[in-house]
Every structure is written in structure tokens, then in C-alpha cells.
Amino acid sequence: MADLAKQQPASSPKAIYLKDYIPPAYQIEKIDLHFELNETDTQVRSNLKVVRNQDAGSDTPLVLDGVELSLEKLSIDGQELSDDRYQIEEEQLIINNVPDKFELEVITRINPEDNTALEGLYVSSGMFCTQCEAEGFRRITYFPDRPDVMSRYTVTVVADRSKYPILLSNGNLEEKGELDDGRHWARWGDPSLKPSYLFALVAGDLACQQDSFTTMNGREVSLHLYTEAENSHKCEHALRSLKQAMKWDEDTYGREYDLDIYMIVAVNDFNMGAMENKGLNVFNSACVLASPDTATDDDFYRIQSIIGHEYFHNWSGNRVTCRDWFQLSLKEGFTVFRDEEFSADLNSLAVKRIDDVNVLRSHQFAEDSGPMAHPVRPDHYIEISNFYTVTIYNKGAEVVRMLRNLLGWDGFRKGTDLYFSRHDGQAVTTEDFVRAMEDANDVKLSEFRHWYSQAGTPELTITEKYDLQTQTYTLTIKQFCPATPSQDKKLPFHIPLTIALLDESGNEIGLQLDGESEESVQTERTLSITQQEQIFKFINVPVKPVVSLGRGFSAPVKIKAPYDKKTLAFLFAHDTDEFNRWDAGQKLAINIMLKLIKDYQSGKALELDPLLIKGFQKTLNNTKLNKALIAQALSLPSESYMADQCDIVDVEAIHAVRQFIRQQLARELEQDWLRVYESNKVKNDYDFNADDMAQRDIKNLCLSYLMELDNQDIHKRCMKQYNEANNMTDVLAALACLSHYDISERQEALDNFYQKWQQDKLVVDKWFALQSMSRLPATLDKVKTLMQHPAFSIKNPNNVRAVVGRFCAGNPAQFHAGDGSGYQFLADVVLELDSLNPQIAARLLQIMSRWRRYDEARQDLMQEQLQRVANKEGLSKDVFEIASKCLE
């Protein structure tokens, strides 16, 4: 039989377009898979029940996808096909002259151990595991590997019992047995229709932690979490989070789990955070394993969220899936929204909203303004793996949130109920989702659809006018969206803008639009912006108000509002919306920082505006505010976010100004920081709860400011916290503070930390990351040294993210060094990774995508490295797409 060798893409891979979508010519009613597992030589036998779709012509060939497969046998209805009945072209197997209905047998061989791309079936830390989203199944067997081909799967796994006592796949275990040669087998059946990207298989020597959940209709579901034996003690939080997610989805959306068993497997080598395979979730170990001594509050929080996210996919992604990959946000945006609400309900609504908006503003807004900008529903791609982006996930979640804001919770719930019932077991589109919202609520959302089809971040310019004599207050709102690649002009969006009016004491004023009755008066309301310019006139406004705009971040837009520093300081102190209160403080800090950047560039002495000092002091000492909210409010905008506020990014000026402000605040408020630090030490054993987390947040923020003082007594306090803390949150916070300063305690603590935790891969990644983000000079040299460390492997995505990703994306002052050494380093790593793991290589390269925003010297240096990458012969599709878009 013919082999499909490794294929190198053409020098200019072709784009795939949404407009060219054609339904599949054939459906696979059932697939029976049989695996004979071997690390270097696995045989896969698949039996497919194939049916031609009615719209397909009788002469339409059967086209199956396949990458790096060795084909051993191909049969139709028991008859082996001769070589002239089929052909292998690039990454497809084409079979001509097939019946309308038939059974196809395909036998292939693959080498899982050699699969460094971590797509399809591969070996990780001595276990077999799979990752099939988006197009990994084609690395296992020939198949129409697209999400609109949904089949019922039966899977038999055969393996050496001594090496792989645990054999898992999707669905329910139907049968298992022993073989005479020391091997054993297990057969799994999944009653649900699913696309190939949701297929999963795991085999290994794994410990299992078990629990159970009783559904709202009284069904008992077994919960299994599999991991290496030494990590068994790290499973409790994940299992508790899973039960919380199952209960929350029943209470909030009426969604019940549908299988007898729910399994999670922790894997060390994984490109993503986790994968929602039906009934068998595969998780990056970093996103599922936690104990107080090895994981921080952020880790516990993230695990809870990701566990929820993957579980919620059972309905929003699995039972109702996407028709094609252009619809990726249909499942991911909706599910991110669901997991954000889940986390907010279990913890702090305001803090969660701030966290989510920080991600959106720092990363998605940047993506929207660069060469990688694309709509929530893209219209073309070269490599779909490049579209697992903050636009698809986080902006997609905001689009769903806007529907909730416009329809209200009850109307939104009606829409989701209709969506799930109408499309259960189907592969659908974002249009189907919006139409369900319309039909359930008898509304039209024509302009709203532009959120799916248009890229870019809309900008609202708002002017105000108050007339004391008539007691009217008028808002004029204009919307505009900048040009993005392939989209020069934009149609108006439908933007929900939630507002309130505040009097001089911060009290909310009733909102009554001209022409409305007094019965409609509310103190907060959501305005629908659907035109390029709209005017809203409010009556019976007794005093000139201060307007609170975009409350709760009601839409993913930029707002240009009539706010001077005094108004921002007022809102920072008085706004009744906790998100907007935080946001006013951030905007005040940005305004002050931008002025100081100009002063720095012109050589003027820097002076910190007293407004910021007073605002920080008042907030720090406010005993009525949530402590986690205080910690958020007193965190300055990041250097990366400040770069987005500048026309031309001046790396040195931004870094110098931000450090100046931190040092000034440390000096001016030293006693306040000390008092709050000492009063927020949690003395009890570690517990993951909102109150304790808030205390640790504010305490460790105070410590970070105090360490700016270069005070030996503070250094001792920091080491004391490092040595005596009973949890990783406080240990790592102290170590992070020490990592930025050239003091004796720094290396002492770093050496001690590694000696203590060198056997724990996840904790070592934290050690890697802290050193990669150090502000100290010569950090790049340290990063290169870390890459030679015995604990580092270029083949492990977590290692790469901890060292290379944290340095290049999280340490801008060092990465953007004027000599271009950071850019050359990144290009070197991308070129090395491209042949090993193109997905990770492409994601790293995106760090330089906005090179045109820097000064000319840095532009030239980045462009040179991007061109160097683009010129590599045999470049993967993943990296080619990023490099070519960056250079367009």
C-alpha cells in the first residue's frame, strides 16, 4: 500500500474561505476504532459506515483527511482496493466510484512517540493521550476530519497491561478483558453523535481519585480524575470544582449531564489548557492539579474556571457543536461567558469582571488594532490553530454578554433554552444562535450581527450638555470603528451602553428619557446604540450630574468621555458601580502616566500628581471596600497596556515612569502600606475562599510596593514571609518581589525554592517564570541559561511558556532591548520550535505582530527577524500565516 509521508506545505499555503463552505458529500453514521498501542508503531483499524448525502452526485469521490499516516489496507464492503481505485494527494485520501452506502475499512500505522506536535495520538510522560481539536484526528486515521461530520463511536484499545493498566476513551465502558500475551483490552461506546475533534483516548499507569454527583433528576454520575500517583493529593479541588459546575449549570441553565461517567485526565505535555472531549476531558496538568503548598490562589481560581469551562462545553460545544471552524466562537465565546459567570457567582463579581476586562483590554484590543485582527466569526484562515485567539474566546464572550445585557437574563435564558432544544445533536452556526435569541424574544438583532462579521474595537465619543433652567441632561453618542485588515469601512454596531447619573455626593439620580412616563424612571439603564450618532435627552435632572458610562463594562468598546482628572478622581472615590470605580482609577493613573512619559522624553524632572497619591491613600484605607477590589484599584496599568495608549511606543519611558510612580507611592504611603500589610496576615490554615484570598491579595500588593524602598528591614520582612508562609501564594509573592532586586536574599531564596521543589514540574515552571520576568539587567542571558537547565525541555509547552513566553510577552523592558537581542532570541526559538511544535511556535511569533507601533530602530530590528522567519524554507502553515500577516 502507499504511504503518506511528511508533507511540507507549499511556500504560499492557500487560505480557506467561509464563502466556499460546502456541506459534506458523505456522512459517517458509525465508526468502530481498534487500537493496538505501541510507543513507536501503533496500528489503527477503523471501520466506517458511510452514506452519501442526497445532494451529492453519484460521481462524487469520497475524500478523507490524513497526515503522517502509513496506509496498510483499504477495503470497501470486505473487498480490498487496488492502487488504481484511490490516490493520496498531499493530506487527502481520495477514493473514486464508491456506492451510495457502504462499509469502509482503513488500517494505518502511526508513531506516537515521534509526535512532538502534540496533535492526534502522542506519548506524554509514559502515557498515551490524544488532542484532536481542531484537526488532530487526521493524524490518527483517514477520516472526513471536519466538525459537521458527526458519528457514533465505538473504540477498542489494546495495550501492554503492565505499562498501561488504565485504558480510556469517550462514553461508557462496555467491556474489557485479558489477552494471553500480557496485554489487555477495553471497549468504550459513546451513545452521542460527535465530530472527530471530540474523540479522545488515554492509556497509562495512572492513579484515580473518585467522587460522584447526583443530577437534578436523581441520576448518579461517577466522577474520575486520573493522574500520576505522586499527584493524587492534588485532585480534591478539581473534583469539588467539577461538582460545583455541574450544580451551577443545572440551576442556571437547566442543563443536566447525560452519561454515566465523567472523566478527567491530567497530562504534562499539552498545547492548550484543556480539552472538552465528550466524557473524557484531557487537561494540562497545570490547569487541574493543586494543593495549598504547590499552587497559588490564582492557580486555584483558574482551575475552578477551566474545570467549569470544559464541563459547560458538554452542552455549549458537544451536544450542540459548530458547523465549521469559522464558527469556533459559537462554542468558545458562549462557554467562556458561562465560565466567567460561574466564577463570578462563586467568588467576587466585581473582581472577576475586572480580571476579564484586563485580559480583553491588554490582549484583545491589541489584537484588534494589529495585523492579526479578525472578526469573531472569521471569513478566512490558512491554519485554524492560529484562530484560538482572545478575539474568538474573550471578545466572543463579550458578544454573548451583550445579548444578555440587551435581552435581560430572563430573555437570554429563553433564547438559550430554545437554542439547545432546537439544535441538540446538530452542527450549527453563529447565525443559528442569534436567530434563537430573536425567535425566543420576538426581537430583531440585525445590527447586532455586525459583531460577528466585523473586526476592530468600536470607539464611542460622548459629549454632554446640562441645562439647569429646564433640568435636562443630553448625551450625544457617536460610534466609529477603525479600519482593520480587509475591512476599511464598518457598519454601525448594536452597542448596549449601561449608564447612571451621580450627584455631587455620589448618589444615583433617576433616569427618565424625554417622552417617557415617571413610572419608567430607573437609576441605571442600558441604552441601545445602533446608529453612527444618537442623542439621548434626560429630563427632571435637578443638578448637573457626573455620568457613569459603560457600567460593568457593558460592551467591548473604547469610550472617549468628558472626563478631566478631577472628574475621574470623583468617580474613583464615589462611583456606585464597583467596576467603574476601579476603571476611573485606572484612567486617572493613565492620564498622569502619559503626562509623565512626555516629561521624561523632554528631560523634565518627574513629579507625581497629588491627586493620585490622595486617591490611592483614600482607597487603601477604605475599610468598607472589598479588599480584593482595593488590591485591583491600587495596581497600576501594566507596561504593555500603557504601550497601547501611546502613538509610538517608548519602551524606556514607559518603564521608567511606571517605576517612578511605584517608588513615589511607596515613599509617600510607607506607613499605610506597612499597617495594611501587617493587619492582613491570614493566620489560619490555607483555604480557598474569597475573604482569605482578598486578604492575601492586599497584603502581597503592599509588600510589592514596600520592596520599592530598598530598605533592609523590608527585605527581612520579605524573607520572613518567604520562609514562614504556609501556602504557595505567599511564598511565591515574596519570591517574586525578591526576584527584581540585586540583593543577597534573592539568590538565596531562588536556590532554596528549587532545592525544595525540583521534583514537582509545575512548581519548577513557576521558578522558571519568575526569573524570566525579572526586571534586572542581563535577564535575557539568564533566560538562555534556563533553557539549558536539566528541568527544561523545548518539547514541553509549559516549559516554553514559562521561560520564553514570560520573557518575551511579560517582560517588555527587557525583551524590547534597544540592541534587538530579544527579537533575535525569539526568532531563534520560533525557528527551532517550528519543526517540533508549529502551534506553539506560531503563538510565540505573534508577540512581534505589532512591530510597526515602535520607534524606527526597533521596527527595523523586528522586521528583520520576522523576515528571517518568513524566509525559512519548508515553514509550517502555522508560522507562515503569522509571519506573512505581520509583514503585509
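**Briefing: contacts, cysteines, aromatic pairs and cavities**

Leaving aside neighbours within four places in sequence, T296 is in contact with Y686, M728, T729 and L732, where contact means heavy atoms within 4.5 Å. The model is predicted: local features need pLDDT of at least 70, side-chain atom pairs count only at pLDDT 80 or more, and totals for chains, interfaces and linings use all residues. Residues are numbered from 1 along each chain as its sequence is written, and side-chain values use heavy atoms, with hydrogens and water left out.

- T296 is found in the loop between β21 (280-284) and α2 (297-312); helices (H or I, at least four residues) and strands (E, at least two) are DSSP runs, numbered from the N terminus.
- T296 counts as buried because its relative accessible area is 9%; buried means under 20% relative accessible area, exposed over 50%, and partly exposed in between (1.4 Å probe, protein chains only).
- L225 belongs to strand β18 (residues 220-227) and is buried, at a relative accessible area of 0%.
- Apart from neighbours within four places in sequence, L225 is in contact with A207, C208, Q209, C235, A238, L239, I264 and V288.
- Between L225 and G78 there are 147 residues of separation in sequence and 40 Å in space, C-alpha to C-alpha.

**Cysteines**

- A disulfide is a pair of cysteine sulfur atoms within 2.5 Å, and by this rule the count comes to zero disulfides.
- C132 is in no disulfide, the nearest cysteine sulfur, that of C129, being 10 Å away; C132 is buried, at 0% relative accessibility.
- For C737, the closest cysteine sulfur is in C718, at 4.8 Å, which is too far for a bond; C737 is buried, with a relative accessible area of 7%.

**Aromatic pairs**

- The whole structure contains 42 aromatic pairs; rings of Phe, Tyr and Trp (its six-membered ring) pair if their centres lie within 6.5 Å, and planes under 30 degrees apart count as stacked, over 60 as edge-to-face and the rest as tilted.
- F137 and Y153 form an edge-to-face pair, because their ring planes stand at 80°, with the centres 6.2 Å apart.
- This pair links distant parts of the chain, 16 residues apart: F137 is in the loop between β11 (127-131) and β12 (150-160), and Y153 is in strand β12.
- F137 is buried at 0% relative accessibility, and Y153 is buried at 2%.
- W767 and F768 make a tilted pair, 5.7 Å centre to centre with 45° between the planes; W767 is buried with a relative accessible area of 7%, and F768 is buried at 0% relative accessibility.

**Charges over rings**

- R323 lies over the face of Y21, at 3.7 Å from the ring centre; a charge sits over a ring if NZ of Lys or CZ of Arg is within 6 Å of the ring centre and within 35 degrees of the ring normal.
- The charged end of R662 sits over the ring of Y705, 4.4 Å from its centre.

**Cavities**

- Six cavities of 30 Å³ or more are present in the structure; on a 1 Å grid over the protein atoms alone, a cavity is a set of points where a 1.4 Å probe fits but cannot get out, and lining residues have an atom within 4 Å of a point.
- The largest cavity holds about 80 Å³ of space, a volume being the space filled by probe spheres set on the points.
- Residues lining the largest cavity include S548, Y563, D575 and K587.
- Two or more lining residues each come from β31 (546-549), α8 (565-574) and α9 (578-601), and α9 gives the most, with four residues.

Notes:
1 Å grid on protein atoms, 1.4 Å probe; cavity = no way out; pocket = protein on both sides within 12 Å on 5 of 7 lines; lining within 4 Å.
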